[in-house]
Amino acid sequence: MPRPAPRAPKVGFVSLGCPKALVDSERILTHLRAEGYAVAPTYDDADVVVVNTCGFIDAAIDESLDAIGEALEQNGRVIVTGCLGARPERILERHPRVLKVTGAHAYEDVIGAVHEHLPPQHDPFLDLVPPQGVKLTPRHYAYVKIAEGCNHKCSFCIIPSMRGRLASRPIDEVLRESEKLVHAGVKELLIISQDTSAYGSDLKYAGREWRGSMRETRFLDLARGLGELGAWVRLHYVYPYPHVDDVIPLMAEGKILPYLDVPFQHGSPSVLKRMKRPAHAENTLARIRAWRTTCPELVIRSTFIVGFPGETDAEFDELLAWLNEAQLDRVGCFTYSPVEGATANALPDAVPDEVKAERQARFMERAQAISAARLAKRVGTRMRVLVDRVDGALAIARGPGDAPEIDGVVRIRKGGKLAVGEFADVEITAADAYDLDARVAT
Ligand code: SF4
């Protein structure tokens, strides 16, 4: 039976204090929204309330303690973070009922506390970030959500009915948020929405002033603007429309990362049509070839669904042939499962579970071989990487082709002197199916 559509868990937010605290609040909210949480406008609507406090002077402490008291009274489920969180005894003495106190700029901890008391709901067809989460550690990368909702009607998806039609954020707002993140130490911006390539179409590409010139609220201008901020910029959820071609030169010029996350979902035109996928009529293979001609470094990541209702052996073979031709670098694959409210539920000829599983295994075997062959070509080359973790003498980093949590890593032996969040130049020494080994370049 189809599962009922999940209701997005709702977080209320009270932000007090200085601009730095505001940036932290924005980061926490961006992160929670990227994980599918909704922001509640009132205490009554919220499942849990986060209070980001200030503890700089006595008046600010009083204001923070009062705000916590109000949230407890109005809602009852309160998580406290921010500067005053560095002195938990002050808070707990007056408000012993708070669920959790975390310290200043400990945004990983506050999100962990939200997960603990209000778990995120994962649905592979709805979520923009992977189920294991975005491990909330790093301060050096951040998700930036540029739009909410979607205008398409993919038959397996209920996002448009849950989250409404596409609502883009004006370009200056997105660029301002991104600039603040970069000033706060973020080295990599991960741009997300349900349909990044449609960005701005709902606003009729309205012009806004940014850094003294007019920019249109559209995909290309956004990519250009982000590329001027001095951080890595990674684009997710891009559909293979003709206008996407225009951003590929920015990748070739090193302005944004040569990386595209394109949720192709299938390679058979008839299945794509039944899925009602955007751009299903586009010649995607020709488009991929042209992109790689413009930017040979381009890494393409995608996700696929196998076992969609009515998927025949021939259509599945078409998908495998398409993948062989497309030579995608990074690939994930789900077996189809119905979501209540999705129109695909009414389609005939459900594929038996064992066939779905067998197709998924065959598909991933093929994808793995392609990944291994493409990574093998990197051995002996130099690469700029961003360090995510240091564990003794081993540093775990990512290159331009690796999005955090979903793609591979670059293992740097004898990388113990590197710092988390630092860029390093490395030489690739070996490759396996998904990851690379490297040493620090001399
Ligand atoms: S493009 Fe399709 S799958 Fe993606 S959010 Fe819109 S309707 Fe859902």
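Author: Let's start with a definition: Ala, Val, Leu, Ile, Met, Phe, Trp, Tyr, Cys and Pro count as nonpolar, Asp, Glu, Lys and Arg as charged, and the others as polar. Keep in mind that this is a predicted model.

Reader: Happy to. Which residues surround the ligand?

Author: The ligand is surrounded by C150, H152, C154, F156, C157, I159, P160, Q194, Y239, R277 and P278.

Reader: And how do they divide into nonpolar, polar and charged?

Author: Eight are nonpolar, two are polar and one is charged. Cys, Phe, Ile, Pro and Tyr all stand on the nonpolar list, and Arg on the charged one.

Reader: What makes the contact between them?

Author: From α11 come D313, F316, D317, L319, L320, L323 and N324, and from α12 come R359, R362, F363, R366, A367 and I370. This contact divides into seven nonpolar residues, one polar and five charged.

Reader: Now the sheets. How do you know that β4 and β5 pair?

Author: Two strands pair if there are at least two bridges between them. Two bridges join strand β4 (residues 78-82) to β5, and these strands run parallel. Here I79 stands opposite K100 in β5.

Reader: What makes β2 and β5 edge strands?

Author: Five strands form an open sheet in the order β2-β1-β3-β4-β5, with parallel pairing. β2 (38-40) and β5 (100-101) each pair on one side only.

Reader: Which strands does each of the helices α2 and α4 lie across?

Author: Helix α2 (residues 58-74) lies across β1 (10-15), β3 (48-53) and β4, at about 175° to β3. Helix α4 (residues 107-117) lies across β1, β3, β4 and β5, at about 175° to β4.

Reader: In what order do the strands of the barrel close?

Author: Five strands close in the order β16-β17-β18-β20-β19, and the pairing is mixed. The twist averages 50° from one strand to the next.

Reader: How do you know that β17 and β18 pair?

Author: The cut-off is at least two bridges, and three join β17 (residues 394-398) to β18 (residues 410-412). These two strands run antiparallel, and I396 stands opposite R411 in β18.

Key. Residues numbered from 1 in each chain as written. Predicted model: local features only at pLDDT ≥ 70, side-chain atom pairs only at ≥ 80, totals over all residues. Heavy atoms only, no water. Near = heavy atom within 4 Å. Contact = heavy atoms within 4.5 Å. Helix = DSSP H or I, 4+ residues; strand = E, 2+ residues; numbered from the N terminus. Axes fitted to C-alpha atoms, helices over the stretch in contact; angles between N-to-C directions.
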